[in-house]
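User: Could you walk me through this model in plain words? I'm new to reading structures.

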Amino acid sequence: MRWLHFFGLTLCSTVLALYESDVGVVDWHHPLVGVPLTSSLNTPPTFHSIPGRPPTEALLLTATSSNVLACTAHLSLSDSGTAWRFIFAPTDHIIHYQQHRDIVVSLSGPGGSTLRTFDCLTGQLILEKRLHAPHTDHLESDDVGLGAAIAFIPESDDVFALTNGRTVRRIGADGAVRWAWESADKSASVVYAKLVTTPSTVYVISLTKSSTSKTLYISSLSTSTGELVASTSVPLSVAAGPSDVLALSSDAATLIPRVVWLEAGTILSVALVPDLTEKHTSVMGSAYTRIVDIGLQNKGHFVALTMNDTGRVLKLDVDKLKVIWEFTDSGKSGRHADSLYIGGLDRDGFPYIGRVFWSFVVRKASAHVYAPHLAAGQGLVSGFTFNFDTEAHGIISHVALHTAYVKEVDLLPYLALTTSTGAVQLWQGDIVQWTREEGLSRLQVAEMVELPEQKITAAHTVDERDTFVERISRQLTDAKELHLYMLNFVKRFVAGPNASTQKEIAFDSLTRDAFGFRQVIVTANDLGKVYGLDSTSGAILWNRVLGLGWAAQIGGQVIPSKLFVVRTIADGGSPEAVLVAQRRASNGLVDTVLFHVNALTGEDVLGKSPADEVLQGVDLISGPLLEAYQLPGNHKAVILLDEFRQVYVYPETPANERALAKAIGKLNVVLRTGLPGQRQLTGHQFSNADVGRPTAFATWASSLPAGEEILSVIPRPSGPVASLGKVLGNRTTLYKYLNPHLVAVTTASPDTCGVYVIDAAKGSIVYHVSIAAKQGRCDLHATFVENWLAYVYWEEEYQWVGQTKGRRLVSVELYEGSKPDDKTRSSELSSHSNKTLAVTAIEQSYIFPHAITSITTTSTKYGISTKDIIVANENGQIQSFPRLFLNPRRTKDKPTAEEQEEWLVQYDPVLPDDAHRVLSHNYHVANIRHILTAPALLESTSLVFAYGLDLFGTRVAPSGTFDVLSETFNKAQLVFTICGLAAAIMATRPMVRRKRLRERWYQ
Amino acid sequence: MTRILAVAVLFANAYTICFAAEISGFVQWNEHCADAIQLGHAKVVLDNSVASGSISRNGNFIIPDVAAGTYVASVVSHDHVFDKLRIDVPPEHDSPPEVSPYTIGTPLNPRSPIKLPYPIKFVPRQRKSYFVPLQSFNVVQMFQNPMMLITIFGGLMMLAMPYVTKNLDPALLQEAQQSQAKFTSALQSGDLKSGITALAGGDDIRPAITTATSSPSNNTVKNRTKKRRT
């Protein structure tokens, strides 16, 4: 029996082994960087030329909302590969980055507490330095980006960093602080926000935050010693924010830096000299409404808008500011949208100023690029329109500009657009070079939808009265396809099972492959876009922008809550999905909107929105959504609860309403109720009202201790359960506890974390564990399937001898009754029965190798295959852990013969960290938030789709591919053996014949 | 000027007072991981990421703001395996943190008597290999398979058997036939053990006699064949 045991272990460790040839065939990975942060001028996408390289090899640097500092490959490539990315910790927000020569410097954390420098080309981290503790005593949480700035002086790699709103340091390339200066004014209202450097002096400009104090403070420091040279204050007539004050400087030594601000329609400026004795002057001319920082402050350029919004370019000149250009027709007009102004540089450092706007007349985007130094210093403007697809990408929210191939009368601008749906596009003039759908890094919900089978050519209606000739001719026409059939047969024989899903399948034929590996992943992000992805390649099959309905006039955001597949191919017709979303309009009104799409094409099922327009939803509830569920059974209708606990059904068909009325008495749901900090779980049932809508009423409430916050409610997936029990070695049976109302709940309180399994029908706690935690840090992840609960947490306690701190995985199995062979039929038991609490929990804890961000189990069609655990770990890997090792009944001693029959392995506290079970192998799959598993047509195989910052898809066979010939099956050997045997038969046949003949003669 | 410097020094002191300890260390490049390019972006974390420091281009790392206490330090790296270490940060800042080895799955308490030097040194132990080699078809390998060898041997024996039996001493042949008959009868009666012993050469005494009698006859067979050939 021992061999069986070892066989089990070897089988377990090899079934999931990956072959290098499978890379990119069974799996795919889309590394993303996130949506660029365009709200602040310290973090948006910017172009950077590499010294000594062609201008087309410029890099596009950006900091993103996913907290990533990224650099995309150079512009001449038609592909948009990421050259490098650095992923910051979730609490360490990037607030500022700047490039200087061949390094990129970033400030992150509250007030810019951490400084990092990177190699611009490779992204290698050169230096990481904590400048102050990551809490700001006088910066408020809403302006974490304020009070931090970076500046450089030419010919030096030293960084001048202003952090925490009051400290300036000069930091050498080796990380040594050359000097530090701190503002003597400790009051919270003064926040230093800008740095201007000249080779000899650093000017620190502060802004007051309160509306009562209207003063601009300027201090000048020596660059070499950090000594305070002078300090002055300028009274303002209006309170100014960080965007209202600009600090202009220039490379030219003759131009003195100036601070610029707007006061009562006049642009005022003051020259920065070390002793700060200059008086402020004003720019003559028309009145201005706004000054716009176009990212060229250190080149001495900015844009000011006049009363009718006409954009004027102003430049730092000797002793004054000078208007050098006015963009014609840029004023307010019904013919075009508001203009975006942006500055850019070419390789030689010459500034360019661009204006990009959307024209309502021609329905195209236009760009005007002004080059001040061209045409012998007269300035040259180049304009063009480009076909920006506003239906697919929303509106342009940010533009970055770079110019290459500058001739005396012409220039070639590159524009990097960031759109409201999270796409990043590179345009070379009016030609789009590439588009990155960075909105995919913010997916909120996803579901897999099976594809229909390929349409078989219509079968002939066999007519009994066919004449012989007719029949022959029909069969001959059919035989035309024979060679194709033969070819396909040979192909199938030669190729492995993976061949069925290889890329040769054309995208336009949306049909499933032989084993159902190809499905459509319907998914939506919080930027108002819904996508259909191919599960075998991750390619975008279709995408739609979600309409805002009535809120389109004032603006708003559509945030997806749930996604349901309301029609599958089994129901006939095209599969359909319903996205339940909440629309937050800019005026604060929240509505619940449903979008009903064809899962194969993205078409609006309701037929309200044409394919080339935004997808309009159905405003079902005028108010926020409490919860949404799918009605069990064949109807697949969606039921929604509004804040008054009224029940809505979608689609609102009589059949669905009847189904709801029929099922309503049996539904039990758990809702989170109460104020934040005092949340409780409340069980609800539904009642049919005589008039109006059915409503939910509370049946029980949990009594969680005060301060215990609910982290997550994990419902048990309603997949098929193949076996109701586990037969033990002694021929007794442990019956699985399969109460259909169970939910797992994770909670956090200041000093403990909790895991509960609760019966949603009556609120009884079936299983509860409390874990000690430090300062409420509950890094708790749980998954719940059938009768198996697994959770991963950090064990803090190590004070007793023999203890150790570390990450644990606890595997809990719930069985009926108190001993084997106890049977309560828990899956069919009425929730009123006393027997529902007759349950035994068998649990075991294991030392888990890594921190994780998501955990789930595999799911297969009939639930026969083993359920492995799949986790996304902090190393950027998707890893699976076999069920065999997670069995809580693993024996403490050497397994007996009976135990070996159950495939029980001796307990080892450490779960092996097997690199062969890393499904994502060489791919760095970063910041995964959720892993979705779905069954394929093959019982052995489960599809896996992980999303978060990156997207990753693969398939796994937890029990081995028992229902399909293994990829490693040696067909050549089989053929060879058969040929050998045939040869042997041919060789021995005459011998046998001779022998028989001889036997007859000599017998 | 001196006043400013004094102020700066004062601030620096103030920072050390309000800051918790700073832990530094480095990664020792070796054959498993030669440089930062191979390592990729990696960081050193204490416990459950209560504090962390990124590993820079030259392999160094600094973990700032570490409160006094006992921690498990580990390296978060995509492709490389490192040992874990136990770090004890003393409450007094003048004494350096104590570093000792720690193996996952062993008690953290008590501390290992072995003390490692500070700054912390992490050594790459292994580069993860994610793939298993694909078994390609190899004729030589196929024939090295014992099953294959048995089959071939069986096939050859089948062909060679008539010649072998022809050249065999009749006495020996008879004996073999006898034992075979015994084995078949034992099999039929269900007595597997005696059948096998019969096949192996009967009881304990018999083989000795058989060998004694068979050896000269063997010679005679050989002689006879030689004669015949000549």
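User: Which side chains meet in a salt bridge with A:Arg130 as one of the partners?

Analyst: The side chain of A:Arg130 meets that of B:Asp65 in a salt bridge, with 2.5 Å from N to O. Please keep in mind that this is a predicted model, and that the distance is computed from the model.

User: And how many salt bridges are there across the interface of chain B and chain A?

Analyst: The rule finds three salt bridges across that interface, and the count of residue pairs in polar contact between chain B and chain A, both at pLDDT 80 or more, is 23.

User: Which parts of chain B supply the side that touches chain A?

Analyst: Several elements of chain B each supply at least two residues of that side, among them the helices α1 (2-18) and α4 (146-167) and the strands β4 (60-66) and β5 (69-76).

User: How much area do the two chains bury between them?

Analyst: Chain B and chain A bury about 4,900 Å² between them, and 58% of this is on carbon and sulfur atoms. Of the area that chain B buries against chain A, 15% is supplied by B:Asn48, B:His78 and B:Phe131, which is more than any other three residues supply. In terms of contacts, 49 residues of chain B touch 61 residues of chain A.

User: Why quote an area at all?

Analyst: The accessible area lost when the parts come together is often used to give the size of an interface.

User: What does UniProt place at residues 146-164 of chain B?

Analyst: The UniProt record, an unreviewed entry, places the feature "transmembrane region" there. In the model, the chain over residues 146-164 of chain B is 100% helix and 0% strand, with the end C-alpha atoms 24 Å apart.

User: And chain B as a whole, how many helices and strands?

Analyst: Chain B has seven helices and ten strands, and 29% of its 230 residues count as buried. The accessible surface of chain B comes to about 14,500 Å², with 62% belonging to carbon and sulfur atoms.

Key:
Residues numbered from 1 in each chain as written. Chains lettered and ligands numbered in written order. Predicted model: local features only at pLDDT ≥ 70, side-chain atom pairs only at ≥ 80, totals over all residues. Heavy atoms only, no water. UniProt positions renumbered as here; feature names shortened; annotations may be inferred. Helix = DSSP H or I, 4+ residues; strand = E, 2+ residues; numbered from the N terminus. Buried < 20%, exposed > 50% of the residue type's maximum accessible area, 1.4 Å probe, protein only. Areas by Shrake-Rupley, 256 points an atom, 1.4 Å probe, with all protein chains shown as cover. Contact = heavy atoms within 4.5 Å. Buried area = accessible area lost by both parts, 1.4 Å probe. Salt bridge = Lys/Arg side-chain N within 4 Å of Asp/Glu carboxyl O. Polar contact = N/O pair within 3.5 Å; in protein donor to acceptor, adjacent residues only side chain to side chain.
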